[in-house]
Amino acid sequence: MENNLPVNVREYQELAKKALSKMHYDYINGGAEDEHTLRDNIAAYGRILLRPRVLVDVSNIDMSTSLLGYNMPSPIIVAPTGSHKVANPEGEVATAKAAASCNSLMVLSFSSNCRIEEVAASCDAIRFYQLYVFKKRAVSATLVRRAESSGFKAIVLTVDNPMLGRRERDIRNKMVAPDKPNLEGLISLENLDTTDGSQLAKYVRDTMDPSLSWKDVEWLKSITSLPILVKGILTAEDARKAVEAGAAGVIVSNHGGRQLDYAPATISVLEEVVKAVAGAVPVLVDGGIQRGTDVLKALALGARAVMVGRPVMYGLAARGEAGAKHVIEMLNRELELAMTLCGCRSVAEITRDRVQTEGDRMRSLL
C-alpha cells in the first residue's frame with residue numbers, strides 16, 4: 001500500500017486537480033452557467049440531518065440490496081460518466097475492473113473512450129449501458145444491439161439533454177471532444193470547428209435530437225427486451241409519465257449540475273419523485289454524493305440505490321484503477337459506519353424517520 005492514501009473523496013478531488021490539465025479537470029468538475037446547481041447538489045445533503053437510534057445490536061451490518069432482480073453487496077453504483085481516458089489512459093476498462101473488484105454495478109456511458117465490447121471483455125460483472133437517442137435513430141439502435149450482445153443487463157436512457165447545457169469552463173478552455181470509438185462508422189466527428197468555444201457543444205448540436213419525446217421511450221422499448229431506466233427526472237409529473245411509458249426504473253438526476261442551472265438539487269426532489277412513483281418501479285438518485293452519510297440520507301428518503309460519478313473519476317485520475325476501487329471501497333465503508341452509528345442493521349431499516357430535512361424542521365415549527 002502507498003503511504004498517505006487519501007482518506008475521503010475530497011482528498012481524491014485535490015489529487016485529481018494536481019494530476020490533470022486545467023481543461024480536463026474543468027471538464028470533469030464543471031457545471032452549467034453559474035454552477036449553482038452543481039454546488040447545491042452537494043450543499044443540499046448538508047442541510048439534511050441524521051436521527052440515530054442507540055442501544056441497537058449493530059454487531060452485524062448488511063448493506064446488500066437488489067435492483068431489477070440483480071443482487072448487489074451495497075446500494076452504491078458507478079454512474080455513467082463520459083471520457084474516462086481524460087482521467088487515465090486505461091479509461092473505462094480500468095473503471096470497470098475497479099467496480100467489478102468491489103462487486104459494484106457500473107453503468108457504462110455512451111461517451112466511453114473504450115469500445116463497448118472491450119469493456120465487456122475486460123472483467124465479469126453486471127453492467128448497464130447508458131444511451132442517448134440520436135437524430136439518426138439507427139445509431140441508437142446499433143448501440144443497443146451491441147450492448148445486448150455484450151451482455152449488458154439494462155439500458156439507462158438519459159433524457160435531460162436535448163441540447164448541451166452552457167458549460168462555460170469548457171467554452172473558455174476550448175474543450176476538445178475526446179474520441180468516441182463506439183461511434184466510429186456511425187457518426188462523423190469531423191469538422192468540429194471550435195472557434196466559438198467547446199467542441200463538445202458543437203458535437204451535441206449536430207447529433208442529439210431536440211425533438212425527443214415520451215414516444216421515443218416507447219420506440220426504444222420496441223427495439224429491445226432489456227429493461228429501460230429513465231435518467232434525468234426531477235418532478236413528480238415526469239416520474240408518473242416515466243412509469244406510464246413503461247420505464248423499469250426512474251433516476252433522479254440533473255446531469256451533475258451540467259445541464260439546466262438552477263434546477264433543484266437532486267436530493268431535495270427525491271422524496272417527491274418517490275411518492276409519485278408509489279413503489280411501481282425503483283427510484284435511484286445521483287449528484288452530489290461524497291460521503292457514506294449522503295448515501296444513507298438518500299436511502300432514507302426512498303432511493304433504492306445511488307449513483308456516484310465524479311468521485312470515481314477523481315480516484316481514476318489520482319491513482320488509476322486502484323484509486324477508483326479505493327473510492328468505491330471508502331464510500332462502502334463510510335456507509336457501513338453510518339448505518340452502525342444510526343442503528344440501522346440493514347438497508348430495510350434505513351427508514352424515513354432516520355433523517356430530518358429542512359421541510360421537516362419548518363413543519364415542526366408550525
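Which handedness does the crossing of α12 and α13 have? The crossing of α12 and α13 is right-handed, a crossing being termed left-handed if the near helix is turned anticlockwise from the far one by less than a right angle, and right-handed if clockwise. The structure is a predicted model, in which local features need pLDDT of at least 70 and side-chain atom pairs count only at pLDDT 80 or more, whereas totals for chains, interfaces and linings use all residues. Residues are numbered from 1 along each chain as its sequence is written, and side-chain values use heavy atoms, with hydrogens and water left out.

Helices (H or I, at least four residues) and strands (E, at least two) are DSSP runs, numbered from the N terminus. Two packed helices are described by the angle between their axes and the distance between the axes. Helix α12 comprises residues 292-300 and helix α13 residues 310-342; the two pack at an angle of about 60°, with their axes 7 Å apart. Here, axes are lines fitted to C-alpha atoms, for helices over the stretch in contact, and angles run from 0 to 180 degrees between N-to-C directions. Angles under 35 degrees count as roughly parallel, over 145 as roughly antiparallel, 65 to 115 as roughly perpendicular and the rest as oblique; α12 and α13 are therefore oblique to each other.

Two strands are taken to pair if DSSP finds at least two bridges between them. Strand β7 (residues 155-158) pairs with β8 in the parallel sense over four bridges, and within this pairing leucine 157 has valine 230 of β8 as its bridge partner. On β8, six of the six residues (228-233) are buried, so this strand is largely enclosed by the rest of the structure. The term buried denotes under 20% relative accessible area, exposed over 50%, and partly exposed the range in between (1.4 Å probe, protein chains only). Strand β8 is also joined by four bridges to strand β9 (residues 249-252), and these two run parallel; lysine 231 has isoleucine 251 in β9 as its bridge partner.

Strand β9 is in turn joined to β10 by three bridges, again in the parallel sense, with valine 250 partnered by valine 283 of β10. Both faces of strand β10 (residues 283-286) are covered: Val283 and Val285 on one side are buried, as are Leu284 and Asp286 on the other. Three bridges link β10 to strand β11 (residues 305-308), and this pair runs parallel; valine 285 stands opposite valine 306 in β11.

Helices connect several of these strands. A crossover is right-handed if, with the strands pointing away from the viewer, the path from the first strand over the helix to the second runs clockwise. A right-handed β-α-β unit is made by β8, helix α10 (residues 236-244) and β9. Another right-handed unit of this kind consists of β9, α11 and β10, and a further one of β10, α12 and β11.

The cysteines were also considered. With a disulfide defined as a pair of cysteine sulfur atoms within 2.5 Å, the structure holds zero disulfides. Cysteine 114 is in no disulfide, and the nearest cysteine sulfur, that of cysteine 123, is 11 Å away. Cysteine 114 counts as buried, at 1% relative accessibility. The sulfur of cysteine 344 lies 5.3 Å from the closest cysteine sulfur, in cysteine 342, which is too far for a bond; cysteine 344 counts as buried at 0% relative accessibility.

Two loops complete the description. Glutamate 33, in the loop between α2 (22-29) and α3 (36-46), has a positive phi of about 50° although it is not a glycine. This residue counts as partly exposed at 41% relative accessibility. Glutamate 35, placed in the loop between α2 and α3, has a phi near 60°, a positive value in a residue other than glycine; at 14% relative accessibility, glutamate 35 counts as buried. Asparagine 88 is located in the loop between β4 (76-78) and α4 (91-101) and, at 13% relative accessibility, counts as buried. Asparagine 88 and valine 355 are 267 residues apart in sequence and 38 Å apart in space, C-alpha to C-alpha.
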